[in-house]
Amino acid sequence: ITQIASGWGHCVAISKQGQVIAWGANNHGQLGNNQKFQGTGTPVEVKLPEPFSFDAIDSRTPIQVKPMQVACGGSNSALLVKESDSAT
């Protein structure tokens, strides 16, 4: 684990491999696992949406991102990502 944050009843962490994991209360969807109201004491992987950028002609271009920092509020979570080279 490279970073961890905690909210009122949940936690979110970033692993050394770049996985985002979460556990605890989920009554507001704060675990990010699309299982609202189903909390868990076992860490679950947070599936990130596929990020993209827009080029000059408004077409979507997939990009690689790396989780950099997590933060939690009382019943919410936030993730800061950075565009990364696919080789890293």
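The model is a predicted one, in which local features need pLDDT of at least 70, side-chain atom pairs count only at pLDDT 80 or more, and totals for chains, interfaces and linings use all residues. Residues are numbered from 1 along each chain as its sequence is written, and side-chain values use heavy atoms, with hydrogens and water left out.

## Strands and sheet

The chain holds 0 helices and 8 strands, where helices (H or I, at least four residues) and strands (E, at least two residues) are DSSP runs numbered from the N terminus. Read from the N terminus on, the elements follow the order β-β-β-β-β-β-β-β. Of the 88 residues in the chain, 22% count as buried; buried here means under 20% relative accessible area, exposed means over 50%, and partly exposed lies in between, with a 1.4 Å probe and protein chains only. Contacts are defined by heavy atoms within 4.5 Å, and among the contacts in the chain with a separation of 6 or more, 29% are accounted for by residues 24 or more positions apart.

An open sheet is formed by 4 strands in the order 1-2-3-4, with antiparallel pairing; two strands are taken to pair if DSSP finds at least two bridges between them. Strand 1 (3-6) and strand 4 (40-45) are the edge strands, each pairing on one side only. From one strand to the next the twist averages 15°, with axes being lines fitted to C-alpha atoms (for helices over the stretch in contact) and angles running from 0 to 180 degrees between N-to-C directions. Within this sheet, strand 2 (residues 10-14) and strand 3 run antiparallel and are joined by 5 bridges, and Ile14 has Val20 in strand 3 as its bridge partner.

Strand 7 and strand 8 also pair in the antiparallel sense, over 7 bridges. A hairpin of 4 residues joins strand 7 to strand 8, and Val65 stands opposite Glu83 in strand 8.

## Pockets

The search for pockets uses a 1 Å grid over the protein atoms alone: a cavity is a set of points where a 1.4 Å probe fits but cannot get out, a pocket is an open set with protein on both sides within 12 Å along at least five of seven lines, and lining residues have an atom within 4 Å of a point. Grid points are joined across faces, edges and corners, and a volume is the space filled by probe spheres set on the points. For the lining classes, Ala, Val, Leu, Ile, Met, Phe, Trp, Tyr, Cys and Pro count as nonpolar, Asp, Glu, Lys and Arg as charged, and the others, Gly among them, as polar.

| Pocket | Volume | Lining residues by class |
|---|---|---|
| Largest pocket | about 340 Å³ | 9 nonpolar, 8 polar, 4 charged |
| Second largest pocket | about 170 Å³ | 9 nonpolar, 4 polar, no charged |

The largest pocket is lined by 21 residues, and Gly18, Val65, Lys66, Pro67 and Ser84 lie nearest its centre. Strand 7 (residues 65-72) gives the most to this lining, with 4 residues.

In the second largest pocket, with its volume of about 170 Å³, there are 13 lining residues, of which Gln30, Val46, Ser77, Ala78 and Leu79 are the closest to the centre. Strand 3 (20-24) and strand 8 (77-83) each supply at least two residues of that lining, and the largest share, 3 residues, comes from strand 8.

Trp23 lies in strand 3 and counts as partly exposed because its relative accessibility is 22%. Leaving aside neighbours within four places in sequence, Trp23 is in contact with Ile4, His10, Cys11, Ala13, Leu31, Thr40, Gly41, Thr42 and Pro43. Trp23 and Gly9, which are 14 residues apart in sequence, are 8.8 Å apart in space from C-alpha to C-alpha.

Ser15, in the loop between strand 2 and strand 3, is buried, since its relative accessible area is 9%. Residues up to four places away in sequence not being counted, Ser15 touches Ile1 and Thr2.

Ile1 belongs to the segment before strand 1 and is exposed, with a relative accessible area of 56%. Beyond its neighbours within four places in sequence, Ile1 is in contact with Ala13, Ile14, Ser15, Lys16 and Ile21. The C-alpha atoms of Ile1 and Lys16 are separated by 5.5 Å, although these residues are 15 residues apart along the chain.
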